[in-house]
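Please look over the sequence and the model shown here before reading on.

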Amino acid sequence: MMLSAAAAPLPSPGKPSWLNAYRDFTGDHGFQPMRLEGRLPEKLKGTLVRVGPVTFGVGGQRYGHWFDGDGGALAVRFGEGGAWGSARAIDTPSIRAEREAGRILYSNYGTAAPSLWRRMFGGAKNTANTSAMTWNGRLFALVESTVPTELSLEDLRTLGETTLEGAVGPAFSAHPHRVGSRRAAYNFGVRFGRVPQLDLYEVPDSGAIRRMGSVPLPGLVMIHDFIATERHLVFFVAPVRIGIFRVMLGLGSISDNFEWRPELGTEVLVIPIDEPSRVMRFQAEPFYTWHFGNAFEQDGRIVVDSVRYPDFGTNQWLAEQLDGWASTDAQGRLHRTTIDPKAGTLRTEQVSDRRCEFPGATPLLAGTRHRYVYLAAHSGQEAWRGPQDTIVKVDMETGRETVVTLGREHYASEPMFIPRPGGSAEDDGWLLVQTYDATSDKTYVAVLDAKAPEAGPMARAWLDHGFPLTFHGTWVPAA
């Protein structure tokens with residue numbers, strides 16, 4: 001039985017130092033040499049690309065949620081013993097239209113459009129603020145509400161919105177998941193209508209993107225991520241419903257009008273990749289999941305590692321980050337869930353009581369059995385109402401946790417595992433972690449040996465400025 005933890009003690013009053021990580025970024029630049037501490041691994045050659053919100057309002061109007069921030073990209077190129085960094089705001093047509101108008105024009109996740117006409121017919125704003133994807137030698141910034149935005153791999157300049165040769169839309173989620181044995185990634189988009197649909201996509205390593213089909217959804221739901229094995233796509237459809245009529249009437253934003261309906265339970269969708277029309281679906285107890293780490297199949301069952309929440313209170317926590325300490329505690333904990341598709345059952349085990357997010361594993365084992373999961377986490381109760389300040393490596397076989405604190409008032413984004421070329425062990429590689437140092441108001445990328453992260457950073461590559469905390473990213477190996 002999982003017991004509820006006591007509420008965290010209230011943080012000290014006043015503006016927290018980390019709030020500077022949510023200032024508007026205005027200092028666009030191409031690749032410039034970065035100051036190095038320590039020594040970079042000789043075989044670390046490639047470019048880390050991170051995407052997240054970097055502008056948090058327009059014309060003096062503040063956006064209503066962290067998720068509404070206009071996107072930006074940070075890239076760090078490693079090689080020949082050095083590091084070079086580039087940072088730019090992303091310039092989509094809807095971002096540009098609001099900037100030129102000097103005011104909010106579009107409805108967004110936590111921000112309401114100013115008029116009924118705009119709310120009904122104004123279209124989706126493309127904030128391009130959630131993740132990055134490479135395909136066929138091209139780089140894209142992704143947000144789940146609309147189509148990708150292409151960026152230049154040379155200097156991060158915005159090249160324009162794209163439907164990827166007409167293959168995707170109206171939405172293409174920010175969380176594609178690759179399956180190595182299939183030489184393809186998989187993704188989805190939620191298409192709203194009289195009967196909302198889950199559109200499924202196959203993104204091959206080379207060749208055209210394929211629309212696999214669509215699956216009807218039980219209502220106006222909130223799906224942020226999913227996970228793939230070698231044979232199946234797995235979705236957890238939580239009992240969150242959007243009160244769309246209140247949104248249309250201007251009675252708050254989408255975020256303001258989410259309804260948590262625990263009596264509905266969480267619906268589990270198991271979709272065979274080779275026969276996507278043969279969907280297996282069943283109800284489980286109510287819970288919410290933002291992000292998945294990995295999944296694999298074993299003896300007819302599907303094993304899923306994810307960060308699980310008891311309800312959707314996490315949405316309030318996320319919205320309040322822009323204003324300082326949240327009024328609620330972070331509640332996400334790492335779980336291992338075992339699904340029996342034939343029996344229509346789900347069993348879950350809490351792996352750790354540590355509050356955490358952004359689970360990930362080695363991409364070499366995506367969709368197959370893995371041992372290690374890497375997370376951004378909170379160091380303790382006193383940190384639960386602010387951003388994550390530690391990195392954790394979890395051994396899923398033994399439960400052992402290796403906890404890494406990068407420095408006092410250093411705040412970590414999602415850790416990304418980069419395999420060492422020619423390596424053999426699952427954890428033979430590096431963790432790259434975009435980090436905000438509130439004491440110096442600067443951002444750096446920490447390089448950790450994934451086998452022994454407790455030794456601390458092997459190297460830090462410093463920008464000469466701060467950059468907002470990002471959500472997700474990708475690794476582009478050197479050619």
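Predicted model: local features only at pLDDT ≥ 70, side-chain atom pairs only at ≥ 80, totals over all residues.

Residues are numbered from 1 along each chain as its sequence is written, and side-chain values use heavy atoms, with hydrogens and water left out.

The protein chain contains four helices and 35 strands (DSSP runs numbered from the N terminus: H or I of at least four residues for helices, E of at least two for strands). Its radius of gyration, taken over C-alpha atoms, is 21 Å, close to the 23 Å that the globule rule gives for 479 residues, so the chain is as compact as a globular protein of that length. The rule is 2.2 Å times the number of residues to the power 0.38. Along the principal axes, the C-alpha atoms fill a box of roughly 60 × 55 × 50 Å.

Of the 479 residues, 59% are buried (under 20% relative accessible area; exposed is over 50%, and partly exposed lies in between, with a 1.4 Å probe and protein chains only). Among contacts (heavy atoms within 4.5 Å) between residues at least 6 apart in sequence, 59% join residues at least 24 apart.

P363 sits in the loop between β26 (356–360) and β27 (372–377). With a relative accessible area of 45%, P363 is partly exposed. Apart from its neighbours within four places in sequence, P363 is in contact with F417 and P419. A228 is 135 residues from P363 along the chain, and their C-alpha atoms are separated by 12 Å.
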